[in-house]
Amino acid sequence: MKLVPLLLFCSTACLALDPGLRLSQYHKKVWQIEDGLPHNYVNAIQYGPGGYLLVGTGEGLARFDGVRFTPLAGTAPIERDWVSALAPATRDAYWIGTYYQDLYRLENHALRHMFRGNASLMGFFADSAGTLWISANGIFRLDAKGPAPIGVGPSAGNAWHVIAEDPRHRIWIAAGGGLHCYENGRVRLVVRDGAPHGGLLSVMAGPDGVVWAGTSNGLYQVRESAGAVTLVRQPGVNGPVVKTLRDRDGILWAATWGQGLYRITPAGAENWSTRDGLSDDFIRTLFEDHDGNLWIGSRSGGLSRWKNPLVEPFGVPEGLGGNFASAVMEDKSGGLWMGTWRSGLFRLRGGIFQSMPTPLPALDLGIRSLADDGRGGLWLGTWEGLHHFDGRVYDPRLLVNGSVSALLLDRTGGLWVAGSALRYFPSGNPAAANGAVSVSERMTPRNSPTNLRPSPPEPGQLLLRGVNTNCLLQDRQGRVWAGTDSGVAVFENGHLTWIRREQGLADDYVTSLTEDTQGRIWASTRAGYLAYLHDARATSLGPREGLPGHSLFKLLDDQAGSHWISSSRGIVRIPSSQLDDVLTGRRQSVDATLYEQEDGLRTIECHGISQPSGWRDKEGSLWFPTAKGFVRIRPTHAVRPPAPPVRIEEILAGAQPLAEPIELQPGARDLEVRFTALRFSSPAHLRFRYRLEGNDPGWIERPGERSARYSTVPLGLHRLLVEAREPGGPWSQPVSINIRQLPRFYQTAWFFTAVLLGLAALGYAFYRWRIFVLRGRYKAVLAERNRISREWHDTLLAGFSAISWQLDATLTRLKEQPARAAEAVDVARQMVHHYRAEARRVIWDLRENDPVSESLQDAVARTMEQITAGTGVATKLEVTGSPGVISSDLRQNALRICQEATANAVRHGKAANVLVGIQYTPEAVHLRIRDDGAGFEPKRALSTRSGHFGLIVMQERARRFGGALHIESAPGSGTIVEADLPLQAPKPA
């Protein structure tokens, strides 16, 4: 039975999964626990805040951006709950139902518990008015007072998607023993459970008004006629059908509980199950995103995504006889001839593979080259030689012996046959060849010194001997190019020109040759270089110019703005304009995109050992052979939309999340900013770059990463910019976030100010201290000068005055008493000797004395040692009391008294022992010098007539400080000299 029109079939670019592809050709990806999914039982899929996918699982709710699963903010209380149902509430609010009978409302990252029912919440439906319908132990409508039953009983245990709304705003319900219709506040049962359709499990209403019901027996269309409702079976779909989805192109998808997934198109129903590679036959839910991708949640298979592949596979699942594809060529009628290694020869028309005759059994046949013979037949090169197929049968003869790696039928009808040598057959029929002539005899190399007369090749000419030729090309100008394992040979008007490393070819092993739409000749090489051949030279592009560095095979110009190259690691796409810019020096490298398994390739291994190793058909599609079948690229379907806007997901410092405004604490380390962009079809192709203004000199791009990391951030306010783009496309508008790094206390302005002020104060204090020291030194110098002046005044000047007086007295006596004049002269002489000794003592004091750092007792001890050195006189110093503050002047005079008394005892008294006593009191310093020398008469010694002036000077020193000098002595009884020096005496004049 054929249904009435129910589907809208897309004939051009599809908004959803392309119905023109087989189920096997969709790209399928599965995420499970190992990939970050919280649980492999996926119950519900729904768009969430910001456009993320919300995935309800058997262990909580996850947010998904196409790459990674992250917890949804605010849902920590249910992170381990069985989330059984999801539905939108408002634009930024969502309903969450759990198997544990709880209903939650999530809004602005805040989770609010609404109520707890008496049964598990099995399914939700939000109608066009925003009312939430709940399937639990019956069907309920949620109003201001809570859930209100509508009089329909519970659904089956494996029935979750049991509520739908049609364009007339009628609510259809598959529960309570059948199919119900709710309209204008009234509910009626329209179809009961039972034969032949079985039990009602799900319902879906499309925008075209057609209602579909899933039952335990299959999928049914709900028909209404004259008030009666009947169910019409969709052929080819077996039950139980638990979810039906109508995609944006009108294609129906039916999920079953145990039978896998069905697609229903005008051509009929197709099934995909675990036998074909489905992760689980028990499907819980289906969801279509804005990019047209189909998402599948299953019981134990995790989360699956089906999408249209950018690279469409054509292999064994689609009818190809074997995996290893070798060569592809289109004939004049538009049919594609596809050769394999040891799996046969095929012709593809209308998406259907037709097995074609082969000259040898398929297992013995490795097809190395294909060429149209121009007469409806086919030239076929194998490892054994050259075969011809006239469209019905093969010529039984092996026309050329040996491996045939490439074939070319030129515009004059001549046939070029490449292998371990290159041969040319002008007639186009190797069977008519009557000999072989060496190229050295019939062709003139341009770079040969011999200038033979050019002549056209003869039948069966041997053009290149002993050179493995891999590919052939005739350009628009009629030149024939041969790519070999030792460079490129160009045949033009009987001349041969070689292009090798010496001419700029980076690698001599050439795998293919192509002429693009601009007439440029390109050579692909095994070492991963692409060479532009011009003027008998080559301009080579390699990894430094942005190529991936893999072995390159066939280059094809799609005539839509891109060059595509098959390689040993996938298919490379390069914007044609970028190639132009690199060749002219306007840019340094190309922005190459590598298409891999994520884009539809069943293997990334392409190859170019057979020719043609790529083809552009009349419809503009590009074909390449791979190790797992052929692939097709439709350039019009490969147009990528602009990059989505970047979203900042999370900011962490030291693994701790931060909230805006972002302020990093002093000393914070390990800043990480996680970002993403929502592109669910091909998220792996998105490229990101970021830059921290004030820190990064330029943009930082790390392929495959979606985070920016900084060990430290400079002080102050910075702006982080993040951009995204599709390969070859423009960068999106940058998203920015401000980050402020707070300083440590020693990095703050007040600290720097305090430091500057402290340094200024320290400098000023140092200046004051320096002035104080200089002034102190100046005072010390001035005091020393004064002391020296006093010394000179008290000793030398006084002595000179006394000498002068004595000389005057001598002069008078010479006149009046000549007999006594000699006595006066002798006194004057003794005075001269005495004051000369005093002068020496003063000079010695200047050199040896340290009046500042040396104490009185130390100075006295040192002086006694110097005076008695070598004399055998025993000395002893006794000190009592504690020295107080003694002026340097008093100290110096006290030292001189002790020095003079000791010197007299040694020099004049011939003493054997000298005892010096120093007594400190708070009021004065008492000196006592005692010796056991010869003694003398004190009265006589204190007169100037005695010629001894030391005692007189000692008396004057004591009197200067308000003290007194006492001398006790008698001849033969030794001498005692005592001096009392007050500490508080007025400063002497």
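Predicted model: local features only at pLDDT ≥ 70, side-chain atom pairs only at ≥ 80, totals over all residues.
Local features require pLDDT of at least 70 and side-chain atom pairs pLDDT 80 or more, whereas totals for chains, interfaces and linings use all residues. Residues are numbered from 1 along each chain as its sequence is written, and side-chain values use heavy atoms, with hydrogens and water left out.

The protein chain contains eight helices and 70 strands (DSSP runs numbered from the N terminus, helices being H or I of at least four residues and strands E of at least two). Of its 989 residues, 52% count as buried (buried, under 20% relative accessible area; exposed, over 50%; partly exposed, in between; 1.4 Å probe, protein chains only). The chain exposes about 45300 Å², of which carbon and sulfur atoms supply 52% (Shrake-Rupley method with a 1.4 Å probe; for residues, only the protein chains shown count as cover). Among contacts between residues at least 6 apart in sequence, 53% join residues at least 24 apart (contact, heavy atoms within 4.5 Å).

The structure holds 42 salt bridges (a side-chain nitrogen of Lys or Arg within 4 Å of a carboxyl oxygen of Asp or Glu). One of them joins the side chains of Glu649 and Arg63, at 3.5 Å from N to O. Glu649 lies in strand β58 (residues 647–653) and Arg63 in strand β4 (residues 60–64), so this pair ties together parts that are 586 residues apart in sequence. Glu649 counts as buried at 18% relative accessibility, and Arg63 counts as buried at 16%. In a second pair, Asp475 and Arg479, the closest N and O atoms are 2.8 Å apart; both residues are buried. Arg105 and Glu107 form a further salt bridge, with the closest N and O atoms 3.3 Å apart. Here Arg105 is buried, with a relative accessible area of 14%, while Glu107 is partly exposed at 31%. Salt bridges with shared partners link Arg63, Asp65, Arg68, Glu649 and Arg706 into one network.

Strands β24 (residues 261–265) and β25 (residues 268–272) run antiparallel and are joined by five bridges (strands pair if DSSP finds at least two bridges between them). A hairpin of two residues connects β24 to β25, and Ile264 stands opposite Ala269 in β25.

Leu762 is placed in helix α3 (residues 749–816) and is exposed, with a relative accessible area of 57%.
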